Amino acid sequence: LKSPAVVRTPASSGDEGANTRNGHRNPVAISSRTSTTLTIERGNGQRSYGYALIAWAALCSQAVWLAARLTPHHVAGTALIAVAGATAFSWSCGFLALPVPAGAGIREAIFTFALAESLGRPTAIAVAVVTRLTSVAVDLGAAFFSGLPSLVTSMRKARRLATVDAS
């Protein structure tokens with residue numbers, strides 16, 4: 001059962017969110033002329049945790065798949081489980097390395113150090129570098145596609161303004 005937490009400014013009269021949905025107030029615009037009301041529904045964090053779990057599973061699966069493909073000899077299943085663990089551990093250490101942007105170099109060094117014996121140093125380095133390049137490509141793609149709608153909207157507005165100015 002989700003219960004919203006409502007934060008109101010002193011200028012709020014309380015009538016802005018009078019419409020109810022399932023016994024809860026509907027979210028009102030963050031900014032209006034008369035007041036500011038912000039509604040935060042509890043329970044949205046569960047969705048975020050789910051997305052994070054999927055992302056971590058995909059990241060670890062990619063590292064395991066790369067390690068299995070790049071090793072010249074047959075790798076034991078325990079070594080592949082170690083790859084998943086080293087991936088999660090090295091990423092966590094990279095997040096905690098605050099002075100280094102995105103854990104650049106930290107993640108790769110920890111990953112390589114952890115798996116140099118079981119995979120071999122060249123394979124561990126290759127998996128670490130390919131995983132880093134893949135994450136950069138995914139981040140750039142997400143940034144591009146998340147900014148694409150606003151870019152299209154801005155271009156349409158500019159085109160309309162140019163049409164109005166030309167006439």
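## Aromatic pairs, pocket and cavity

Searching the whole structure gives four aromatic pairs. One of them joins Trp91 and Phe95 in an edge-to-face arrangement, with 6.0 Å between the centres and 65 degrees between the planes. The model is a predicted one.

Trp91 and Phe95 sit four residues apart, about one turn of the helix, and both belong to helix H2 (residues 77–96). Trp91 counts as buried because its relative accessibility of 13% is under 20%. Phe95 counts as exposed because its relative accessibility of 52% is over 50%. Another edge-to-face pair is made by Phe144 and Phe145, with 5.1 Å from centre to centre and 75 degrees between the planes. At 47% relative accessibility, Phe144 is classed as partly exposed, while Phe145 is classed as exposed at 57%.

The two pairs described here are set out below.

| Pair | Centre to centre | Angle between planes | Arrangement |
|---|---|---|---|
| Trp91 and Phe95 | 6.0 Å | 65 degrees | edge-to-face |
| Phe144 and Phe145 | 5.1 Å | 75 degrees | edge-to-face |

Trp91 and Phe95 also belong, with Trp56, to one aromatic cluster. Which residue lies over the face of Trp91? This residue is Arg107, placed 3.5 Å from the ring centre.

### The largest pocket

The volume of the largest pocket is about 320 Å³. It is lined by 16 residues, of which Ala55, Leu59, Trp91, Ser135 and Asp139 are the closest to the pocket centre. Sorted by class, the lining of the largest pocket holds 10 nonpolar residues, three polar ones and three charged ones.

Ser90 is part of helix H2. Is Ser90 buried or exposed? Ser90 counts as buried because its relative accessibility, 2%, is under 20%. Leaving aside residues up to four places away in sequence, Ser90 touches Arg107, Ile110 and Phe111. Between Ser90 and Arg107 there are 17 residues' separation in sequence, and the C-alpha to C-alpha distance is 4.6 Å. Arg107 is therefore a partner of Ser90 by contact, meaning heavy atoms within 4.5 Å, and Arg107 also lies over the face of Trp91.

### The largest cavity

The structure has two cavities of 30 Å³ or more. In the largest cavity there is about 90 Å³ of space. Which residues line the largest cavity? Among them are Ser90, Trp91, Arg107 and Phe111, and the lining also includes Ala63, Thr87 and Glu108. Val127, Ala128, Thr131 and Arg132 are in the lining as well.

H2, helix H3 (106–119) and H4 each contribute at least two residues to the lining of the largest cavity. H4 supplies the largest share of this lining, with four residues. By class, five of the lining residues of the largest cavity are nonpolar, three are polar and three are charged.

Trp91 can be followed through several of these features. Trp91 pairs with Phe95, is among the residues closest to the centre of the largest pocket and lines the largest cavity.

Conventions: Residues numbered from 1 in each chain as written. Predicted model: local features only at pLDDT ≥ 70, side-chain atom pairs only at ≥ 80, totals over all residues. Heavy atoms only, no water. Phe/Tyr/Trp six-rings, centres within 6.5 Å; stacked < 30°, edge-to-face > 60°. Buried < 20%, exposed > 50% of the residue type's maximum accessible area, 1.4 Å probe, protein only. Lys NZ or Arg CZ within 6 Å of the ring centre and 35° of its normal. 1 Å grid on protein atoms, 1.4 Å probe; cavity = no way out; pocket = protein on both sides within 12 Å on 5 of 7 lines; lining within 4 Å. Points joined across faces, edges and corners; volume = space filled by probe spheres on them. Nonpolar A, V, L, I, M, F, W, Y, C, P; charged D, E, K, R; others polar.
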